[in-house]
Amino acid sequence: MKKKLLYSFLPLCCFATLSVRAQVDSTVAKTDTSRRKVAIFAPLYLDSAFDAAGAYRYDKNFPKFINPGLEFYEGVQMALDTLQKEHVSLDVRIYDTHAAGITLQQQLDSAVARGMELLIGQVNNGTEEQQMAAAALRVGVPFINVNYPNDGSITNNPSLVILNSTLRAHCEGIYRYLQRNYPTKPIIFLRKKGTQEDRLKSYFTDLDKKTAGVPLKIKYITLEDNFDAAALTANMDSATQTVCIAGSMDDEFAARLCGLLASLKKTWRTTVIGMPTWDNLDLMRPEYAGEEIAYSTPFYVNPADTLVKTITQKFNTKFYSRPSDMVFRGYESTYRFAKLLLLHGKGLSGSIGEKKFKVFNDFEITPVFLNRQTMTLDYFENKKLYFIRKTDGNIVGVN
C-alpha cells in the first residue's frame, strides 16, 4: 500500500491540463487569467523520496514523515476531481514545501506573482505559518491554515484563518461545555507541574473571571508525578458525580489519570474531560474500561456520512487502507474554500466565515481580538468544537 500511495504522486511532476489544473510547481510561468487561482502548500518531500535519477531512496520502507503530506494531497486531489465533475473554472497550483533547491519564501513569491487569490496550507511549524500568513496579507487574500493549532504569535493579520482551533479556544469551549452540562457538579482541575500546565490553568482561571454566565466552581489541584488513587479521591465527592478536567497535554499523565479513575468506578462516579490531543490516545485499553471520557475536537468525521463512506471506499480500493484525518481535511479545505472563492471572487476575505458549502464540519470562523482595548482584528479562527464522549473506546455521544 505504501509504495502504491507514493507512486501515485509521480504524475505530479508533470503539468496536467484539466478543467481543474494542478501542478507541483516552483517556477513562474504564464497563468490562465480566466480561472480563479488557488495555491496549495503541503510537505510532500518528493525530492527527499527520489534521487536525481528518479529512483525511490527508501527501498521497501516508507518513512512516517512523508505520510501526512501525501494523504493530505490525496484528499486535495479527490476534491479537485469533484470540482472537475462540477465543471468549475480553477487554476490550482500545488507546492511541495520541502522541495530541494527552493525555499518556502520563493514558492510564496511565485504564488503571489501568479496572482493567486486563495492560499491553503498544511503547516509544519510556526515559522511556516508566519511566512504563509505574511504572504497572504501582502496581497490581501485569505490563507487557510488547515492543521496547525497555534497562532504563531501572529497579530494584526486578517488574512490568517486557523481551522484547527488553538488551545485557548479549546479551553473556552470546554468551559462553556461544562457550564451547559455540569453547572452544579463538583469540578476538579487535575494537573502536574509544568509551564504548559501553568498556561492551561491560566486560561481557565481567566475564564472564571470573564465569563458572561455563572462561573464554574473549579478546584485546582497539582498532583505529584507518581500520584495514586488516594490523591484523586481526597478531592472527590462520593455522594455525586465528579467532573475531572485533565489539565495537561502529557500522554503519560492522561493514561495514568484515566486508568486510576476507571479503577475507582465501583465507588466513585466520574467523568474525565480531556485535551484535544486525546483523539490520538488508545482509549480501547482495558484499564480504561467503564470510564466515560470526553474531549474536544474541531474536526469530526461521521462514519455514517455518505461522502465519508465514498471517500473511505475509494481510498481503500486504491491504497488498501483506511484514510487518515488528513485525507478528509485535504478534501474539505480544498472543496469548501474553492467554492467560496468561485462565489465571491476577490471579495472572499470579507465572506470567509460564511457557512455555505459544508462538507464534514460546521466551521464557525470568527474574528479574534487579542487586545480588547485596541480591538485590532488579529486573525480568524474556527471556534466550533465537537465534544466526543467515549466509553470503552466506543463513541457514546457527540455534542
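Predicted model: local features only at pLDDT ≥ 70, side-chain atom pairs only at ≥ 80, totals over all residues.
Student: Which residue takes a positive phi just after α3?
Tutor: Look just past the end of α3 for a phi of about 60 degrees. The residue with that positive value is H87.

Student: How many residues of α11 are buried?
Tutor: Helix α11 covers residues 325-344 and reaches 28 Å from its first C-alpha to its last, close to the 28 Å expected at 1.5 Å a residue. Buried means under 20% relative accessible area, exposed over 50%, and partly exposed in between, using a 1.4 Å probe on protein chains only. By that test α11 is mostly covered, and the buried count is 16 of 20.

Student: And which residue takes a positive phi just after α11?
Tutor: The phi there is about 60 degrees. The residue in question is G345.

Student: How much space lies in the largest pocket?
Tutor: On a 1 Å grid over the protein atoms alone, a cavity is a set of points where a 1.4 Å probe fits but cannot get out, while a pocket is an open set with protein on both sides within 12 Å along at least five of seven lines; lining residues have an atom within 4 Å of a point. Grid points are joined across faces, edges and corners, and a volume is the space filled by probe spheres set on the points. For the largest pocket this gives about 1200 Å³.

Student: Which element gives the most to the lining of the largest pocket?
Tutor: The lining has 39 residues, and those closest to the pocket centre are P276, D279, T297, D325 and R329. Elements that give two or more residues include α6 (167-181), α7 (195-210) and β11 (292-297). With four residues, the one that gives the most is α11.

Student: Which element gives the most to the lining of the second largest pocket?
Tutor: This pocket has a volume of about 710 Å³. Its lining holds 22 residues, with R168, E172, D206, L207 and R372 nearest the centre. At least two residues each come from α6, α7, β12 (365-368) and β13 (379-382). With six residues, the one that gives the most is α6.

Student: Which strands stand at the edges of the open sheet, each with a single partner strand?
Tutor: The sheet has seven strands with mixed pairing, in the order β8-β7-β9-β10-β11-β14-β15; two strands pair if DSSP finds at least two bridges between them. One side of each edge strand is left without a neighbour in the sheet, because each has a single partner: these are β8 and β15.

Student: In β11, what is the bridge partner of V272?
Tutor: Strand β10 (residues 270-273) is joined to β11 by three bridges, and the two run parallel. The partner of V272 in β11 is I293.

Student: Are the faces of strand β4 covered or open?
Tutor: L118 and I120 are on one side of β4, with L119 and G121 on the other.

Student: Which residue in β5 stands opposite G121?
Tutor: G121 belongs to β4 and also stands opposite F41, while β4 is joined to β2 (residues 36-42) by four parallel bridges. β4 pairs with β5 (residues 143-145) in the parallel sense too, over three bridges. The residue in β5 opposite G121 is N145.

Student: Is S153 buried or exposed?
Tutor: S153 is found in the loop between β5 and β6 (160-162). Its phi is near 60 degrees, a positive value in a residue other than glycine. With a relative accessible area of 66%, S153 is exposed.

Student: What is the relative accessible area of D392?
Tutor: D392 lies in the loop between β14 and β15, with a positive phi near 55 degrees. D392 is partly exposed, with a relative accessible area of 38%.

Methods:
Residues numbered from 1 in each chain as written. Heavy atoms only, no water. Expected span 1.5 Å × (residues − 1).
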